[in-house]
Amino acid sequence: MVCLGNICRSPLAEGLMRSKLNFTKFTVDSAGTSGGHKGQAPDKRSIAVANKNGLDISNQKSRKLIKEDFKNFDILYVMDQSNYNDVMALAITEEEKKKVVKILDEVFPGENLDVPDPYFGGSQGFENIYRMLDRATDVIAKQIDNRIE
Ligand code: 4NP
């Protein structure tokens with residue numbers, strides 16, 4: 001799960017995805033393209049909206065996306081077009097490029113929608129992205145279950 005700072009959107013996406021997958025079978029992680037908040041816990045507003053929904057993301061630590069992530073993960077879900085462009089710029093092979101997916105494409109294929117950056121807004125923005133990511137991770141969890149069956 002990849003966003004810009006790895007403190008608002010992708011920590012929520014990571015927490016939600018983890019809660020919906022069998023953790024002994026899947027590795028879920030998140031990172032930011034900027035690295036500007038490296039080592040920091042998620043934004044208080046993301047922690048709060050997660051808590052409200054029974055999810056604890058407070059132990060996560062922000063890290064920067066690295067090239068090895070293309071080897072270590074099968075899919076890199078990005079939140080918005082800017083993340084997509086930044087991550088694609090790091091991908092070298094066609095196989096790596098194919099791993100990069102805008103997360104809302106899983107819910108609204110072909111619509112090219114963004115999970116908006118909530119950093120400079122109020123708590124409503126965090127409620128909004130929580131709902132989007134809850135829905136997206138539901139769809140992804142179901143796809144993965146389907147693949148195993
Ligand atoms: P995120 O949100 O990419 O969802 O973690 C942001 C966090 C920090 C900043 C921008 C977006 N920032 O400008 O510091």
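**Note on the predicted model**

1. The C-alpha atoms fill a box of roughly 40 × 35 × 30 Å along the principal axes.

2. This is a predicted model, in which local features need pLDDT of at least 70 and side-chain atom pairs pLDDT 80 or more, while totals for chains, interfaces and linings use all residues. Residues are numbered from 1 along each chain as its sequence is written, and side-chain values use heavy atoms, without hydrogens and water.

3. The protein has 6 helices and 4 strands, in the order β-α-β-α-α-β-α-α-β-α from the N terminus. These are DSSP runs, helices being H or I of at least four residues and strands E of at least two, numbered from the N terminus.

4. Of the 149 residues, 44% are buried (under 20% relative accessible area, 1.4 Å probe, protein chains only). Among contacts (heavy atoms within 4.5 Å) with a separation of 6 or more, 69% join residues 24 or more positions apart.

5. The lining of the largest pocket comprises 22 residues, with Thr 27, Val 28, Phe 73, Asp 74 and Ile 75 nearest its centre. A pocket is an open set of points on a 1 Å grid where a 1.4 Å probe fits, with protein on both sides within 12 Å along at least five of seven lines; lining residues have an atom within 4 Å of a point. Helix 6 gives the largest share of this lining, 3 residues.

Definitions and conventions: Buried means under 20% relative accessible area, exposed over 50%, partly exposed in between (1.4 Å probe, protein chains only).
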